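Here is a short report on one protein chain.

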Amino acid sequence: MQSEDLVAVWNVALSDGIHRVEFEHGTTTGKRILRVDGKEIHRENWMFKLVGTEAFKVGGKRCCVHIDAIGGFAYEYRLDVEGKPLEKFTENIKKVVKTWNVVLNGTPYRICFEKDTVTVHVNGQIVETCEEFVDEGAETNFEIPGASNHNAKIIAVSSGRQSQGIVHTLIINDEVVPESINS
């Protein structure tokens with residue numbers, strides 16, 4: 001059952017998964033309820049001040065819901081992550097995190113590679129990796145938990161163009177996995 005006070009829903013794509021943030025705002029009572037991934041993390045049942053902010057964390061990242069009056073009894077809601085509007089944060093994170101979605105043996109896997117830390121997350125869990133230099137560049141080898149007999153590696157090679165930089169490719173069982181566009 002959806003609350004009539006549910007005013008905003010955001011999806012925050014991080015290395016540890018895609019988190020759903022829901023915000024309820026009772027504009028007559030000032031009630032504020034924050035949920036992350038369906039779990040209530042904050043509740044105020046009665047507040048005299050209808051505008052303001054609510055700070056919280058998602059996946060270790062600082063978040064803040066901004067509530068602004070835009071005239072009469074109308075309000076605007078914005079989510080900031082790490083001090084940036086969600087759209088700008090998402091744009092920046094796509095520069096340092098590569099994401100692939102793949103189904104192995106009927107099970108979906110979301111694989112994220114943090115380029116700056118050379119960390120691999122599989123379905124939100126950091127996995128152990130083994131890095132090695134090869135003729136073309138570098139390989140990051142890892143196992144996919146729960147998907148035995150699947151060899152996985154991320155190959156990093158130069159694109160040959162300064163504007164594009166390093167290209168990262170996920171290969172599972174000698175097959176290239178296309179990068180996910182929408183994290």
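## A sheet and a serine

Strand β3 (residues 32–36) pairs with β4 in the antiparallel sense, over 5 bridges. Strands pair if DSSP finds at least two bridges between them. L34 has H42 in β4 as its bridge partner.

Both strands belong to an open sheet of 4 strands, in the order β1-β2-β3-β4, with antiparallel pairing. The edge strands, β1 (6–14) and β4 (39–44), each pair on one side only.

This is a predicted model: local features need pLDDT of at least 70, side-chain atom pairs count only at pLDDT 80 or more, and totals for chains, interfaces and linings use all residues. Residues are numbered from 1 along each chain as its sequence is written, and side-chain values use heavy atoms, with hydrogens and water left out.

The protein chain has 1 helix and 17 strands. These are DSSP runs, with helices (H or I) of at least four residues and strands (E) of at least two.

| Property of the protein chain | Value |
|---|---|
| Box filled by C-alpha atoms, along the principal axes | roughly 65 × 40 × 20 Å |
| Share of the 183 residues that count as buried | 40% |

Now turn to S180, in the segment after β17 (175–177). Is S180 buried or exposed? S180 counts as buried because its relative accessibility is 16%. Buried means under 20% relative accessible area, exposed over 50%, and partly exposed in between (1.4 Å probe, protein chains only).

S180 touches T99, W100 and N101, leaving out residues up to four places away in sequence. Contact means heavy atoms within 4.5 Å.
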